[in-house]
Amino acid sequence: MDGAVEEDFSKWDLPKLYGQTSKLLNLAPSQHTQEVFKRILGGCHTVVDNLGELRNKIGDAHAQGRKPIRPAPRHAALAVNLAGSMAMFLIETWMDANSNE
């Protein structure tokens, strides 16, 4: 070991994982100067935050109480498509950054 402290990423929530990943891939809004890219990348972070919250509030991994919220199929499709788009964007960004190695 080189003395580096290893992180237990399994304890991180989705927004924290995305925040760290976006910094490593140069996708954090603060890493850009053009306002339009700052807003778009900030919107991406908002999407990830809200998908994590959606999963926590209405996902089947947690108890929902007496009146569970049931999203309409279109809401589920929106969440799945947003998550897929964000995942592909991260993968393609990583692949582009590592294509010259």
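Colleague: Where is the place of Ser22?
Modeller: This is a predicted model. Look along residues 14–24, which form a helix. Ser22 sits in that helix, α1.

Colleague: Is Ser22 buried or exposed?
Modeller: Its relative accessible area is 3%. Buried means under 20%. Because Ser22 has a relative accessible area of 3%, it counts as buried.

Colleague: Which residues does Ser22 touch, not counting residues up to four places away in sequence?
Modeller: Contact here means heavy atoms within 4.5 Å. Leave out residues up to four places away in sequence. Ser22 then touches Leu27, Ala28 and Gln31.

Colleague: Which residues make up the largest nonpolar core?
Modeller: The core has 8 residues in all. Leu27, a contact of Ser22, is one of them.

Colleague: What does Val48 touch, not counting residues up to four places away in sequence?
Modeller: With residues up to four places away left out, Val48 touches Leu14, Tyr18 and Met86.

Colleague: How many helices does the protein chain have?
Modeller: There are 0 strands. From the N terminus on, the elements run α-α-α. The count of helices is 3.

Methods:
Residues numbered from 1 in each chain as written. Predicted model: local features only at pLDDT ≥ 70, side-chain atom pairs only at ≥ 80, totals over all residues. Heavy atoms only, no water. Helix = DSSP H or I, 4+ residues; strand = E, 2+ residues; numbered from the N terminus. Core = buried A, V, L, I, M, F, W, Y, C linked by side-chain atoms within 4.5 Å. Buried < 20%, exposed > 50% of the residue type's maximum accessible area, 1.4 Å probe, protein only.
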